[in-house]
Amino acid sequence: QVQLVESGGGLVQAGGSLRLSCAASGSIFRFNLMGWYRQAPGKQRELVAQEARGGTTIYADSVKGRFTISRDTAKNTVYLKMNSLKPEDTAVYYCAVVALSYWGQGTQVTVSS
């Protein structure tokens, strides 16, 4: 079992930036797919970004060009750099290894207009 702990959320004005971190309690090298998901109030959880071990990435259309996912295997950490934030990006953001049902506890991101 690997534990995932997100950090870096907070309150930011529209147009601002945040970098979320997801620290794993063990090696993330063995995980092929790692992703960031988000859930806004009253909405279903949705995929934001996903990275395969080889570096292939997938982004939700709503964040393409603004968000970047990356992983540092030496630090067992996955990042989500978020630029040009919009109020509609407000949500709880979760790090996950979906194939193994590993989820973090989430970190709140609030973007004010």
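**Reading the features**

Mentor: Arginine 45 lies over the face of tryptophan 103, 4.7 Å from the ring centre. A charge counts as over a ring if NZ of Lys or CZ of Arg is within 6 Å of the ring centre and within 35 degrees of the ring normal. Arginine 53 is placed likewise over the face of phenylalanine 29, at 5.8 Å from the ring centre. This is a predicted model, in which local features need pLDDT of at least 70 and side-chain atom pairs count only at pLDDT 80 or more, while totals for chains, interfaces and linings use all residues. Residues are numbered from 1 along each chain as its sequence is written, and side-chain values use heavy atoms, with hydrogens and water left out.

Trainee: How many aromatic pairs does the structure hold?

Mentor: A pair of aromatic rings is described by the distance of the centres and the angle of the planes. Rings of Phe, Tyr and Trp (its six-membered ring) pair if their centres lie within 6.5 Å; planes under 30 degrees apart count as stacked, over 60 as edge-to-face and the rest as tilted. The structure holds 3 aromatic pairs. The rings of tyrosine 94 and tryptophan 103 are edge-to-face, because their centres are 6.4 Å apart and their planes stand at 80°.

Trainee: Is tyrosine 94 buried or exposed?

Mentor: Buried means under 20% relative accessible area, exposed over 50%, and partly exposed in between (1.4 Å probe, protein chains only). Tyrosine 94 is buried at 14%, whereas tryptophan 103 is partly exposed at 33%.

Trainee: Which residue meets arginine 38 in a salt bridge?

Mentor: Side chains of opposite charge can pair when their charged atoms come close. The criterion for a salt bridge is a side-chain nitrogen of Lys or Arg within 4 Å of a carboxyl oxygen of Asp or Glu. The structure holds 5 salt bridges. Arginine 38 meets glutamate 46 in one of them, at 2.7 Å from N to O. Arginine 38 is buried, with 5% relative accessibility, and glutamate 46 is partly exposed at 35%.

Trainee: Which parts of the chain does the salt bridge of arginine 66 and aspartate 89 tie together?

Mentor: In that salt bridge, the closest N and O atoms of arginine 66 and aspartate 89 are 2.8 Å apart. Arginine 66 lies in the loop between strand 6 (57-59) and strand 7, and aspartate 89 in the loop between strand 8 (77-82) and strand 9 (91-97), so the pair ties together parts 23 residues apart in sequence. Strands (E, at least two residues) are DSSP runs, numbered from the N terminus. Arginine 66 and aspartate 89 are both buried. Through shared partners, salt bridges join Arg38, Glu46, Arg66 and Asp89 into one network.

Trainee: What is the order of the strands in the open sheet?

Mentor: Two strands pair if DSSP finds at least two bridges between them. The open sheet of 4 strands has the order 1-3-8-7, with antiparallel pairing. Strand 1 (4-7) and strand 7 are the edge strands, each pairing on one side only. Strand 3 (residues 18-24) and strand 8 run antiparallel and are joined by 6 bridges. Cysteine 22 stands opposite valine 78 in strand 8.
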